[in-house]
Amino acid sequence: LHKWMQHFIFFLHRLALCEKALAEYLDTKRLAFPRFYFISSADLLDILSNGTNPHQVQRHLSKLFDNMASMKFQTEGDDEPTKMALGMYSKEDEYVNFREPCDCDGQVGKA
């Protein structure tokens with residue numbers, strides 16, 4: 001039992017180091033885009049891990065921007081949405097067209 005306790009303490013210490021490193025990484029992203037301070041670390045991790053897929057990231061829009069629910073994307077011939085955003089919807093389903101299409105291609109958190 002004593003050896004198991006030593007292993008447990010060792011892994012607990014390693015977990016604490018990983019958590020600290022992750023918190024520092026997320027802080028760098030929050031410094032780069034201050035609206036990330038309004039969301040939980042779990043939500044931020046989800047945004048960053050799905051960063052090249054704007055359709056997955058848009059579920060977090062209402063947490064980042066007041067009354068923004070989703071975005072409308074241009075579709076291809078087979079009705080598959082592209083990464084080109086045409087406008088945005090409010091929580092009341094009001095639609096605002098962008099002046100120009102917004103290319104949402106690329107990684108979230110990269111300047």
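Two strands count as paired if DSSP finds at least two bridges between them. Strands themselves are DSSP runs (E, at least two residues), as are helices (H or I, at least four), and both are numbered from the N terminus.

What you have open is a predicted model, in which local features need pLDDT of at least 70 and side-chain atom pairs count only at pLDDT 80 or more, while totals for chains, interfaces and linings use all residues. Residues are numbered from 1 along each chain as its sequence is written, and side-chain values use heavy atoms, with hydrogens and water left out.

**Stop 1**

You're looking at an open sheet of 3 strands in the order 1-2-3, with antiparallel pairing. From one strand to the next, the twist averages 30°, where axes are lines fitted to C-alpha atoms (for helices, over the stretch in contact) and angles run from 0 to 180 degrees between N-to-C directions. As a reminder, strands of a sheet pair through backbone hydrogen bonds, either parallel or antiparallel.

Now go pair by pair. Strand 1 is joined to strand 2 (residues 81–90) by 6 bridges. Click F73, and you'll find A85 as its bridge partner in strand 2. Then try M71, which sits opposite M88 in strand 2. Strand 2 and strand 3 also run antiparallel, joined by 5 bridges. Here, select M84 and look across to D103 in strand 3.

**Stop 2: the two turns**

Next, select D79, in the loop between strand 1 and strand 2. This hairpin has 5 residues between the strands. What is phi of D79? It is near 60°, a positive value in a residue other than glycine. Most residues other than glycine have a negative phi. D79 has 62% relative accessibility, so it counts as exposed (over 50% relative accessible area is exposed, under 20% is buried, and partly exposed lies in between, with a 1.4 Å probe and protein chains only).

Move on to D93, in the loop between strand 2 and strand 3. The hairpin there has 4 residues between the strands. D93 is not a glycine either, yet its phi is positive, about 70°. D93 is exposed too, with a relative accessible area of 59%.

**Stop 3: the rings**

The structure holds 4 aromatic pairs. Start with Y89 and Y95, a tilted pair at 4.8 Å centre to centre and 50° between the planes. (Rings of Phe, Tyr and Trp, the last by its six-membered ring, pair if their centres lie within 6.5 Å; planes under 30 degrees apart are stacked, over 60 edge-to-face, and the rest tilted.) Y89 is partly exposed at 24% relative accessibility, and Y95 is partly exposed at 31%.

Then select F33, F36 and F65, which ring pairs link into a cluster.

**Stop 4: the patch on the surface**

Finish with a surface view and select M5, F8, I9, L12 and L15. They make a nonpolar surface patch of about 510 Å². Patch residues have over 30% relative accessible area and no salt bridge; like charges are joined within 9 Å, and nonpolar side chains (Val, Leu, Ile, Met, Phe, Trp, Tyr) within 5 Å. A salt bridge puts a side-chain nitrogen of Lys or Arg within 4 Å of a carboxyl oxygen of Asp or Glu. Accessible areas come from the Shrake-Rupley method with a 1.4 Å probe, and for residues only the protein chains shown count as cover.

Zoom in on L12, which is found in helix 1 (residues 2–32). L12 has 45% relative accessibility and counts as partly exposed.
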